[in-house]
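Welcome, and please have the viewer open beside the text. We will go from a ring pair to the spaces inside the fold.

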Amino acid sequence: MKENLTDNIVISINNVSKMYKLYDNPLDRLKEALRISRKVKYREYFALNNISFDVCKGETVGLIGTNGAGKSTLLKIVTGVLSPTAGSVSVTGKIAALLELGAGFNMEYSGIENIYLNGTMMGYTKSQMDEKVEDIVDFAGIGEFINQPVKTYSSGMFARLAFAVAINVEPDILIVDEALSVGDIYFQSKCFKKMDEIKKNGTTILLVTHDLSSIVKYCDRAVLINKGEFVSDGKPKKIVDIYKKILVNQFDGIEGGESGFDDGADDTNSADNDLLEETSGDSDVLWKSQMVIGGEETVYGNNKAKIIDFGLFDDKGRITNIVMKKSVFTLKIKVRFNEPVSMPIFAYTFKNEHGVEITGTNSMFEKIDVPEASQGDVYIVEFRQRMNLQGGDYLLSFGCTGYENDDFVVYDRLYDIAGISVVSEQNTVGYFDMNTSISVKKEGNNNGEHS
């Protein structure tokens, strides 16, 4: 927490817990309600357990965690939609919240009528809303649908109108829960630009999103919760680093130790710099068991070779599905040969969400001399490079192929085996960052400026 902000706390969350009673069947719930039996018929489930942190005026704080961590529950308690089982929340200022699409909307009312309805709920008079309605309609950009019942709206139109209302009513605190994931890239860009604008005017923003690039790029701080428990609070890069460990079950519950990312080329895993090496059998833990594996992968081949393990390692040698843009990372595959194979080819590919191959390479393209594999051989293959893809989500594929009598043969392929997230503080145009250095100087002036 910044010391100069401690006197300006606008959200104070103190030892907040939320417990739900889980019953095996509805009859047990009825028996308890009627007090027919004194025997406890429920199990306690804590969606939140003793959460505490503060948010100061003008801060943008990101709240991150896996699905089911309790993020949305916490936001509902902050906004007063839910009451905590224990603890307290103190809020100073007027809140505008985007918790669920259509929340606070009357489905039978038109968009215009819902603008006035939401304004009234926030304490504005009709004359005050008359002054704001034009800006709200322009920002929403849904055309003539603004006069139609909102029950006819798509989810994207809901998001546009809801965000337009929330951000144009000059809130002291703006709370957003994944609402910006709906809508096209132009609307999302427009929303973040507007958020930057209101932030400069002193609005406090509490943001929940699975887009880690947005957390790193826009937030002053990030708070990480896991399974209802507070984990850590600090600089976004540090918190994302801890979150990576949670995703692959490598978090030991200790916040200390190294944090953040090292943009240098040094790699703590550099002891294995050879392309091929014999498997040592030192560990029985599979790399892939420590990664988040998707359920839509395609596996095929003639089984002369089998990819028995794979993993993505970050610049500190840790297995992960999240890579910081411009950091060095390593892809590894372990291949077992069931039959002799002459000059096998090892490959990887990144695809975007539309299935378009964005980049990749193989040992043949890189002119690597791969020795002939005998039956029973196990090769470990490493692809080490710097991440220059733009921030976003990608699908990772691996392959082991070759040529037999000039015919291309697939021994084993793992298509779309894992989803990889690239976290970026600054994106450029297109799929790749060319790491451009820009010089601007006025003619006749020898002092150039670089960025």
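Let us begin with Phe398, which counts as buried at 3% relative accessibility, where buried means under 20% relative accessible area, exposed over 50% and partly exposed in between (1.4 Å probe, protein chains only). This is a predicted model, in which local features need pLDDT of at least 70 and side-chain atom pairs count only at pLDDT 80 or more, while totals for chains, interfaces and linings use all residues. Residues are numbered from 1 along each chain as its sequence is written, and side-chain values use heavy atoms, with hydrogens and water left out.

**Aromatic rings**

The structure holds 16 aromatic pairs. Because the ring centres of Phe310 and Phe398 are 5.6 Å apart and their planes stand at 40 degrees, this pair is tilted. Rings of Phe, Tyr and Trp (its six-membered ring) pair if their centres lie within 6.5 Å; planes under 30 degrees apart count as stacked, over 60 as edge-to-face and the rest as tilted. Phe310 belongs to strand E11 (residues 305-313) and Phe398 to strand E17 (residues 392-404), so that the pair links parts of the chain 88 residues apart. Elsewhere, one aromatic cluster is formed by Phe329, Tyr348, Phe350, Phe383 and Tyr394.

Ile239 lies in helix H8 (residues 236-247) and counts as buried at 0% relative accessibility. Leaving aside residues up to four places away in sequence, Ile239 touches Ile64, Ala222, Val223, Leu224, Ser232, Asp233 and Gly234, a contact being heavy atoms within 4.5 Å. Between Ile239 and Gly62 there are 9.9 Å in space, C-alpha to C-alpha, and the two are 177 residues apart in sequence.

Arg160 is found in helix H5 (residues 155-168) and, at 18% relative accessibility, counts as buried. A polar atom of the Arg160 side chain lies 3.3 Å from the backbone oxygen of Ala140.

**The chain as a whole**

The protein chain has eight helices and 20 strands, taken as DSSP runs numbered from the N terminus (helices H or I, at least four residues; strands E, at least two). Buried residues make up 45% of its 451 residues. Of the contacts between residues at least 6 apart in sequence, 71% join residues at least 24 apart.

**Empty space**

Rolling a probe the size of a water molecule over the atoms shows where empty space is left. On a 1 Å grid over the protein atoms alone, a cavity is a set of points where a 1.4 Å probe fits but cannot get out, and a pocket is an open set with protein on both sides within 12 Å along at least five of seven lines; lining residues have an atom within 4 Å of a point. Grid points are joined across faces, edges and corners, and a volume is the space filled by probe spheres set on the points.

The largest pocket has a volume of about 1,500 Å³. Its lining has 49 residues, of which Asp211, Ser213, Gly391, Gly392 and Asp393 lie nearest its centre. H6 gives the most to this lining, with six residues.

The whole structure has two cavities of 30 Å³ or more. Thr60, Met195, Asp196, Lys199, Ile205 and Tyr218 line the second largest cavity, and helix H6 (residues 185-200) gives the most to that lining, with three residues.

Conventions: Polar contact = N/O pair within 3.5 Å; in protein donor to acceptor, adjacent residues only side chain to side chain.
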